[in-house]
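Subject: Structure handover

Hello,

Here is the structure for you to look through. My notes on it follow below.

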Amino acid sequence: MPFDRILNNNYTSMAKELPSRTEDYSLWYNELVKKADLAEHSDVRGCMVIKPYGYSIWEKMQQALDKMFKDTGHTNAYFPLFVPKSLFEAEEQNAEGFAKECAIVTHYRLKTDPQNKGKLIVDPDAQLEEELVVRPTSEAIIWSTYKKWIQSYRDLPILVNQWANVVRWEMRTRLFLRTAEFLWQEGHTAHATAAEAVKETVQMLDVYADFAENFLALPVVKGRKSEGEKFPGAIDTYCIEAMMQDGKALQAGTSHFLGQNFAKAFNVQFTSREGKLDYVWGTSWGVSTRLMGALIMAHSDDDGLVLPPKLAPIHVVIVPIFKTEEELTKISDKVQEISTALRKQGYSVKFDNRDTHKPGFKFAEWELKGVPVRLAIGPRDMENGTVEVARRDTKEKQVMKLDQVAVEIPKLLEDIQTNIYQRALTFRNNVTTKVDTYEEFKKVLDEKGGFISAHWDGTQETEAAIKEETKATIRCIPLDAKEEAGTCMYSGKPSSKRVLFARAY
RNA sequence: CGGGGCGUAGCGCAGCCCGGUAGCGCGCCACGUUCGGGACGUGGAGGUCGUAGGUUCGAAUCCUGUCGCCCCGACCA
């Protein structure tokens, strides 16, 4: 019987129960996203509604990243959603990469259908002179603008970021991982020298890695993309690659060294200190709501989300255990003290004093939503001056003196943040395998998954052949790859370092 | 975009093969008893069966189109 049948049996669907990861990872993911109130499908094909709880997490990511961007000298700006087709065409390589998945605006007016009152049709008299492409990325509109901003080396560098939505008409979508419209940030910088632009590219890669590890609690491999995998408009694409619990890799962020490609396409030149005219050097870098998918798939378990405290909308939920109104009032007074003490330290505390649900129900619900710490206080605790503390990551419980809460909970939250990072790191290390033969490669790929570190001859042909035969791609050439003489596992040609392969999202 | 599956109450499904005007569980509403791990009883509300056509005396059920979702491929962040 297919697993979705089992799942949909009446008795298992009574509560908000999740399928298990081992039985059906995809189904587990989809159900978790919906049941934890992160997102749902909308009435628009391929587009999702990010629900308040999910959006709160995204806002936390934005806040952290935005600060990091500002700290490295960047400023936010906003460019239009629409890109005139002619501008889009100007950068052929890039345009070609996205052409197959662009939404295009051709008209600017609707009118009542004369044949069918109450229905609207596109007014054929309102056709645009030039079609507008809904941005799949903003290089075109931004570089055409930078042309106006840049004349001299004194105008450089330009360090701009924008938070925006983009549209890529995907054939197959999945909540957060691949949707037709998604939210992201895109940094676009312009520099006087190649060296400075490369430095910027690498700096932003470091920012992303730092963010992934310290906020998402997600270990990542920093690396460079192969020719076949890089952004079409870039000279070099750097990326951070993460490992999900099902052994598939996920690209969590990219940073591109654009060289002078866009400057040439949009004729953005500047006069250097030496009085010479030259094209501007560029970078672009971005992370998207896809990080939500990474966050979910990296840490969560069969009981629901596991959120790193640094991104959790609610750090601590407090569940009172009471029978009478009187008891609740007493408990509420105590809770007031605790939550004030925690809020003063910057933590978000939720007191779940609903009298419409029983404690057990609340426990399960907040676990599903990944709240890192739960406190339960009942009459027994009131007598003893204690509280029951449960941590979401390990599901361990302990009884704590009430007067220790304000000091111990912050420590516990820190410990949870560290623990889920360590757990993810251990997992990733366990599913990273060195192989030297193609036979071994295929075996590991099918039986174990994960990252496979292997020698590659550096050619696109070999990369394509391996992809064709195994569905595995080169995730990256790790920046810290050791020089190591070897032979390509596929072609037998010489290779100087190992690269990371994996099946990927 | 190709192959397969599925759209029936807020959610998950049964009914469809063999046409006769819709049912189950959860949830929801009310009242009572419960409350330290997803409570229970009693009563109640809720559905143009995705949508548009067609066949028929009659369509959730048969046929065609269309839209959407899921799975597998191709493509991609």
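Helices (H or I, at least four residues) and strands (E, at least two) are DSSP runs, numbered from the N terminus. Two remarks on the source. This is a predicted model: local features need pLDDT of at least 70, side-chain atom pairs count only at pLDDT 80 or more, and totals for chains, interfaces and linings use all residues. Residues are numbered from 1 along each chain as its sequence is written, chains are lettered from A and ligands numbered from 1 in the order in which they are written, and side-chain values use heavy atoms, with hydrogens and water left out.

The whole chain

Chain A has 15 helices and 27 strands. It is as compact as a globular protein of 505 residues, because its radius of gyration is 26 Å, close to the 23 Å from the globule rule. That radius is taken over C-alpha atoms, and the rule is 2.2 Å times the number of residues to the power 0.38. Along the principal axes, the C-alpha atoms fill a box of roughly 80 × 70 × 55 Å.

Of the 505 residues in chain A, 51% are buried. Buried means under 20% relative accessible area, exposed over 50%, and partly exposed in between (1.4 Å probe, protein chains only). The accessible surface of chain A is about 24000 Å², and carbon and sulfur atoms hold 50% of that. Such areas come from the Shrake-Rupley method with a 1.4 Å probe; for residues, only the protein chains shown count as cover.

Take the contacts in chain A with a separation of 6 or more: 68% of them are between residues 24 or more positions apart. Contact means heavy atoms within 4.5 Å.

Chain A carries 67 positive and 73 negative side chains. The centres of these two sets lie 1 Å apart. Lys and Arg count as positive, Asp and Glu as negative; His and the chain ends are not counted. Each charge is placed at NZ of Lys, CZ of Arg, CG of Asp or CD of Glu.

Helix α7 covers residues 194-214. Its 21 residues should span 30 Å at 1.5 Å a residue, and its end C-alpha atoms are 30 Å apart, so the two agree. The expected span is 1.5 Å times one less than the number of residues. Buried residues in α7 include Met204, Leu205, Tyr208 and Phe211.

Tyr29 sits in helix α2 (residues 25-35). Tyr29 is buried, at 0% relative accessible area. What does Tyr29 touch, leaving aside its neighbours within four places in sequence? Its contacts are Arg174, Leu175, Phe176, Leu177, Gly293, Ile296 and Met297.

Loops and backbone

Most residues other than glycine have a negative phi, and most peptide bonds are trans. These spots are worth a look.

- Phe176 has a phi near 70°, a positive value. It lies in the loop between β9 and β10 (181-191). Phe176 is buried, at 2% relative accessibility.
- Lys471 also has a positive phi, about 70°. Its loop runs between α15 (460-470) and β24 (473-478). Lys471 is exposed, with a relative accessible area of 57%.
- Leu156 and Pro157 are joined by a cis peptide bond, with omega about -5°. Pro157 is in the loop between α6 (139-149) and β9 (158-167).

One more loop residue: Lys100, between α5 (92-99) and β5 (104-107). Lys100 is exposed, at 72% relative accessibility. From Lys100 to Tyr208 is 108 residues in sequence and 29 Å in space, C-alpha to C-alpha.

Best wishes
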